[in-house]
Amino acid sequence: MEIPLYFYMAYRNLDRLSPGSEDTTLKTLDKLDLNPDDEFNILDIACGVGTSTILLANYFKNSTIEGFDLFKHYKESLDEKIKENNLSDRVFSYQMDMKDPDFANEEFDIVFCEASIEIIGFKRGLKEWKRLLKPDGYMVVSDVSWLENPSSESRKFWKNTYSEIDTIKNKVQQIKNEGFEFINYVIVPKKDWNDYYNKLEKNLNKLNSDKSAKDFISQLRKEIQTYRQNSDDYSYVFYLMKMVEK
Ligand SMILES: C[S@@+](CC[C@H](N)C(=O)[O-])C[C@H]1O[C@@H](n2cnc3c(N)ncnc32)[C@H](O)[C@@H]1O
């Protein structure tokens, strides 16, 4: 599947397609009770430009990492990074749909998904992806969550954008309901959001004259404005969980 041109232009030259940073991902991975020198099989779902896929490979130095995205463009972007970093012996890319990941049951020690589970929905993602985990495997996913009692502006925006936005407490309960042991969580800090939106906004300013992208751009501008006015209300939160052996 090809990426729409306006989508490509909006996110052009960004090193990530969501608020996040190396510091935040490393802080999250450090909370896993794992020796990063051990050998693991790791899956990065909806890898985007592949920044986190490579980060995973550098952190877990002896592991195999498989990353996929729906769009060919992003698969190719990961391919370039694999080549630049000489990781072709243990990092692999695919074009695939998260709704039908073509991997065997119990193939992975860690399933990682940053800022993308909302595409399938948090509860459905946990339910459908847990088959990919070994009996003692880990899932690390980030999802938009309420941090405080949200303003009516935040509520209105997210009601129309992602109906599964919820409090951390309720997300943790959903994790437990799906049969996982909840380990910990990490809130993506405001700095990551501000850095990301500042870069995205620069791209949007260059796109203003493109009429075909009008609705898409105005939705992104609304997203940025809503965050800037309500940044205490919500954030992406990384949730770390472990399969409970039956
Ligand atoms: C917000 S971006 C996050 C990308 C990356 N994880 C990051 O944090 O930079 C969402 C990603 O999901 C991908 N995507 C959208 N629908 C998908 C699907 N059905 N299956 C796999 N990937 C999908 C998009 O192409 C995009 O790369």
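Tutor: The answer below takes the helix packing pair by pair and then turns to the loops.

The model is a predicted one, in which local features need pLDDT of at least 70 and side-chain atom pairs count only at pLDDT 80 or more, while totals for chains, interfaces and linings use all residues. Residue numbers start from 1 along each chain as its sequence is written.

Because 7 of its 9 residues are buried, α3 is largely enclosed by the rest of the structure. Here a residue is buried if 20 or more other C-beta atoms, placed from the backbone, lie within 10 Å of its own, exposed if 12 or fewer do, and partly exposed in between. The buried residues of α3 are Thr51, Ser52, Thr53, Ile54, Leu55, Leu56 and Ala57, and their cover includes the helices α2 and α4 (72-84) together with the strands β1 (41-45), β2 (64-69), β3 (91-95) and β4 (108-113).

For the geometry that follows, two packed helices are described by the angle between their axes and the distance between the axes. The axes are lines fitted to C-alpha atoms, for helices over the stretch in contact, and the angles run from 0 to 180 degrees between N-to-C directions. One member of the cover, α2, packs against α3 at an angle of about 50°, with the axes 11 Å apart. The two helices are therefore oblique to each other, on a scale where angles under 35 degrees count as roughly parallel, over 145 as roughly antiparallel, 65 to 115 as roughly perpendicular and the rest as oblique. The crossing of α2 past α3 is right-handed, a term used if the near helix is turned clockwise from the far one by less than a right angle, with left-handed used if it is turned anticlockwise. On the α2 side, Glu22, Thr25, Leu26 and Leu29 make the contact, and on the α3 side Ser52, Leu55 and Tyr59, where contact means that the C-beta atoms of two residues, placed from the backbone, lie within 7 Å. These contact residues of α2 and α3 divide into 4 nonpolar, 2 polar and 1 charged; Ala, Val, Leu, Ile, Met, Phe, Trp, Tyr, Cys and Pro count as nonpolar, Asp, Glu, Lys and Arg as charged, and the others, Gly among them, as polar.

Two further pairs share helix α9 (residues 214-229). With helix α8 (residues 190-207), the axes come within 11 Å and cross at roughly 150°, so α8 and α9 are roughly antiparallel to each other, and their crossing is left-handed. Trp193, Tyr197, Leu200, Glu201, Leu204 and Leu207 of α8 meet Ile217, Leu220, Arg221, Ile224 and Tyr227 of α9, a set that holds 9 nonpolar residues, no polar ones and 2 charged ones.

Helix α6 (residues 152-161) also packs against α9 at an angle of about 150°, with the axes 10 Å apart, which makes α6 roughly antiparallel to α9; this crossing, too, is left-handed. The residues that meet are Glu153, Ser154 and Phe157 in α6 and Lys222, Thr226 and Gln229 in α9, and they divide into 1 nonpolar, 3 polar and 2 charged.

Next come the loops. Ala46 sits in the loop between β1 and α3, has a positive phi near 60° although it is a residue other than glycine, and counts as buried because 24 C-beta neighbours lie inside 10 Å. Ala46 is also among the residues that come nearest to the ligand, with Leu17, Gly48, Leu70 and Met98, out of 19 around it. That shell divides into 9 nonpolar, 5 polar and 5 charged residues.

The loop between α1 (5-10) and α2 (22-30) holds Ser18, which counts as buried because it has 20 C-beta neighbours inside 10 Å. Apart from neighbours within four places in sequence, Ser18 is in contact with Glu114, Ala115, Tyr196 and Tyr236. Asn13 lies in the loop between α1 and α2 as well and is exposed, with 9 other C-beta atoms within 10 Å; its phi is positive, about 65°, although Asn13 is not a glycine.

Definitions and conventions
Helices (H or I, at least four residues) and strands (E, at least two) are DSSP runs, numbered from the N terminus. A residue is near a molecule or strand if its C-beta atom, placed from the backbone, lies within 6 Å of it.
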